[in-house]
Amino acid sequence: MNQDWFEKDFYKVLGVSKTASADEIKKQYRKLAKELHPDTNPDNKAAETKFKQVSEAYDVLGDDKSRAEYDNVRAAGPSAGFRGGPGPTGGFNQGGFDVNMEDLLGGMFGGMFGGGAQNRQTRGDDVEVAVTISFADALQGVTAPIVINGEDTCSGCHGSGAAAGTNPITCTTCRGSGQSARNVGNFAVPQTCRECGGSGRIIEKPCKDCRGHGIVRRTRTVQVKIPQGVKDSALIRISRRGAPGRLGGPHGDLLVRVRVTPHPIFGRKEEHLTVTVPIGIDEATLGSEVAVPVVTGGSVTLKIPAGTMSGKTFRVKGRGVPTAKGKAGDLLVTVEIAVPQKLSKAAREALESYQKATSEDNVRADLLARAASAPRINADGE
């Protein structure tokens with residue numbers, strides 16, 4: 001075990017309930033670690049002590065297996081110890097046999113004793129950041145610099161915590177297990193090794209940059225390659241570029257959430273681009289060829305058939321979002337009939353002539369006919 005599990009309440013240390021979820025525990029630990037970190041509180045021994053306590057608590061509660069074992073031990077209480085007299089090796093004598101306490105407790109608690117959570121290499125946390133790119137960069141791909149301000153491996157000691165030219169040594173008191181046994185009356189109680197604090201190692205000359213922690217807070221820049229055709233809100237995972245692990249454990253991953261700024265003209269629908277193009281009443285009625293802008297610059301010519309209704313969508317092949325396979329989606333062009341707000345004298349006269357020529361062709365005749373044949377509702381609601 002990593003702590004005197006019978007006596008210390010890790011939930012209380014972190015300030016969470018016993019029913020707290022793993023995410024709640026992680027969130028509370030990150031908050032406390034940030035507030036109490038030695039880099040944030042230089043020469044503050046009380047904060048440093050509390051930081052170690054919080055780290056020890058999270059080492060147990062932050063791991064599902066260790067947390068379950070801890071809860072079981074706390075529920076069993078001191079009665080889970082062993083009765084009998086102390087043996088010559090510092091263990092207990094059971095029926096004439098000298099039994100080593102590490103072996104007994106290790107068997108009882110599934111190997112917890114003799115290998116505390118703090119003495120294990122643990123993977124670092126994943127770190128999520130956001131990056132905003134332009135619509136054009138999202139289509140063609142870009143390499144973006146991501147600035148991260150947080151924990152990182154100390155470059156002075158490469159994470160070992162020991163000053164340059166030195167290395168941590170195995171604790172001789174616990175032989176690297178991080179645990180020792182304490183006799184309380186007729187009970188054998190496991191506890192964190194006082195000599196090494198449960199780490200299983202001794203740093204005789206701490207690194208001056210990280211004060212023996214192996215981890216520092218600093219600002220670093222990671223170049224992230226964003227693939228072409230990336231969508232808004234896409235999540236890109238960069239392996240081993242997140243927070244550093246403990247005791248030389250691997251880094252977590254860097255999760256990059258991509259935000260794409262809208263384009264003033266074009267929209268996107270999966271692998272297709274969309275654009276709305278206004279056309280005149282004459283173009284819709286008589287048919288025409290109109291210029292349609294494309295995202296790469298310039299334009300393409302779109303043929304509008306005679307009698308085209310406002311809101312109709314046409315498809316321009318291969319002018320959409322490029323894909324990794326070298327193909328591209330389509331450009332979806334929706335036409336809208338633009339009603340002129342001001343008319344010249346000649347245009348007004350032409351429209352009036354058109355109106356007279358089509359006065360017998362009521363554009364709403366079909367609608368009125370269908371309405372007349374539909375079931376009616378009486379004015380009184382019956």
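Modeller: Happy to! The protein has 9 helices and 18 strands, and please keep in mind that this is a predicted model.

Biologist: Why is R123 said to form a salt bridge with D253?

Modeller: The closest N and O atoms of R123 and D253 are 3.3 Å apart. A salt bridge needs a side-chain nitrogen of Lys or Arg within 4 Å of a carboxyl oxygen of Asp or Glu, so this pair qualifies.

Biologist: What makes the pair tie together parts that are apart in sequence?

Modeller: R123 lies in the loop between α5 and β4, while D253 lies in the loop between β11 and β12, so the bridge ties together parts 130 residues apart in sequence. Both residues also belong to a salt-bridge network that includes D126, R237 and R240.

Biologist: How do you know whether D253 is buried or exposed?

Modeller: Its relative accessibility is 8%. Buried means under 20%, so D253 counts as buried. R123 has 40%, and so counts as partly exposed, the class between 20% and 50%.

Biologist: Why are D366 and R370 described as about one helical turn apart?

Modeller: Because they are 4 residues apart in helix α9.

Biologist: How many salt bridges does a search of the whole structure find?

Modeller: The search finds 14.

Conventions. Residues are numbered from 1 along each chain as its sequence is written. This is a predicted model: local features need pLDDT of at least 70, side-chain atom pairs count only at pLDDT 80 or more; totals for chains, interfaces and linings use all residues. Side-chain values use heavy atoms; hydrogens and water are left out. Helices (H or I, at least four residues) and strands (E, at least two) are DSSP runs, numbered from the N terminus. Buried means under 20% relative accessible area, exposed over 50%, partly exposed in between (1.4 Å probe, protein chains only).
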